Amino acid sequence: MLTLQKLELFVYVAQAGSISKAADHFLMSQPNVSQHIQDLEAGFGEQLLIRKHRGVTLTPAGETLLQYAQEIFRLVAEAKLAITNVSQLSSGSLALAATPGVGIYVLPECVEQFRVRYPQFTVSIKTGTTAEVINLLTESQCEASFIEGELDGIRLPSRFGALVLDTVQQYIVVGQAHPWWTVSSLSIQALHDQPVILRQIGSQSRAWLDKLLKERHIRLRYVGEFDNPETIKRALLAGSAFAILPAYVVRHEVDLGVLRLLPLTDCELQRQLKLIWNKEWPLSPITYAFLQHLADQYPAIHAALTISRRHLR
């Protein structure tokens, strides 16, 4: 029998090219997923997948079914967005992804304000590098992701939109034990051969900084590499190295007077906060409602909402 569940499984297998990935995603056994696919093939009287040593590919019949199935689920998503009154839902969930700084320091306050209005919803935020966050979006583990930084070297699928929400100023950050504690600003040349704590290699934050310093022939003395802004802050509080961070990461410590922000006088340290989402697919009602809420703080989000509403007939 043809059901939406079987079609959903088929679409995921087709897009992932793997039955095992579909089994992991839907918390099913591989034989169970295979049986559903076989049921579809028996119902259509056509082979839909070609099983290979590593993964699967679609037959011509499978390609045709994928196109129809995607249109079916697009119509279902459009119907949900057009009709659903989220305030009347008894439960629901919102899945977001973000790079560490955004996920730890920016989104939680916005999420809590959203939950005050919609306490019946649960919200999850997965954090990772830019590449990891985009992969979560690609694998449909979230509908909206937020990154601070660049997309250099990242292959963004054409169906994804990247919307700049804000410009984020970066600063030299030092603790009380640092020799720069009493200065008010710095030249970028002052950073040369100074001890620094950095994000890990492979992060866009690290790639951005390495490129900026290389262009200006600045060499730093690396004394620490961490994948979490909280760890970087702890290291700054305990030692005499510096780091480059946005103000929102250290706002609390700056207010307490234990960390200090120093601007550069001759170099702009700026990155961008971006929303990444599937612009070719209608947002779910709860994700749409969250982005509406977030648009009060970041008006540029209205552009993403407008694109999503265009799908409605």
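Thr 59 is buried, with a relative accessible area of 9%; buried means under 20% relative accessible area, exposed means over 50%, and partly exposed lies in between (1.4 Å probe, protein chains only). The model is predicted, so local features need pLDDT of at least 70 and side-chain atom pairs count only at pLDDT 80 or more, while totals for chains, interfaces and linings use all residues. Residues are numbered from 1 along each chain as its sequence is written, and side-chain values use heavy atoms, with hydrogens and water left out.

**Thr 59**

- Thr 59 sits in the loop between strand E2 (56-58) and helix H4 (60-83); helices (H or I, at least four residues) and strands (E, at least two) are DSSP runs, numbered from the N terminus.
- The backbone oxygen of Gln 47 is reached by the side chain of Thr 59 at 2.6 Å.
- With neighbours within four places in sequence left aside, Thr 59 is in contact (heavy atoms within 4.5 Å) with Gln 47, Leu 48, Leu 49 and Ile 50.

- The whole structure holds eleven salt bridges; a salt bridge is a side-chain nitrogen of Lys or Arg within 4 Å of a carboxyl oxygen of Asp or Glu.
- One of them joins Glu 230 to Lys 233, with the closest N and O atoms 2.9 Å apart.
- Glu 230 and Lys 233 are three residues apart in helix H8 (residues 229-238), so about one helical turn separates them.
- Glu 230 also forms a salt bridge with Arg 234 (3.7 Å, N to O).
- Arg 234 and Glu 230 are four residues apart in helix H8, and this spacing is again about one helical turn.

**From helix H8 to helix H9**

- Lys 233 and Glu 253 meet through their side chains in a salt bridge (3.0 Å, N to O).
- This pair links distant parts of the chain, since Lys 233 is in helix H8 and Glu 253 is in helix H9 (residues 247-256), 20 residues apart.
- Through shared partners, salt bridges join Glu 230, Lys 233, Arg 234 and Glu 253 into one network.

**Exposure of the network residues**

- Lys 233 is buried, at a relative accessible area of 3%, and Glu 253 is buried too, at 8%.
- Glu 230 counts as partly exposed, with 25% relative accessibility.
- Arg 234 counts as exposed, with 53% relative accessibility.

How values were computed. A polar contact is a pair of N or O atoms within 3.5 Å; within protein, one must be able to donate a hydrogen and the other to accept it, and residues adjacent in sequence count only if both atoms are side-chain atoms.
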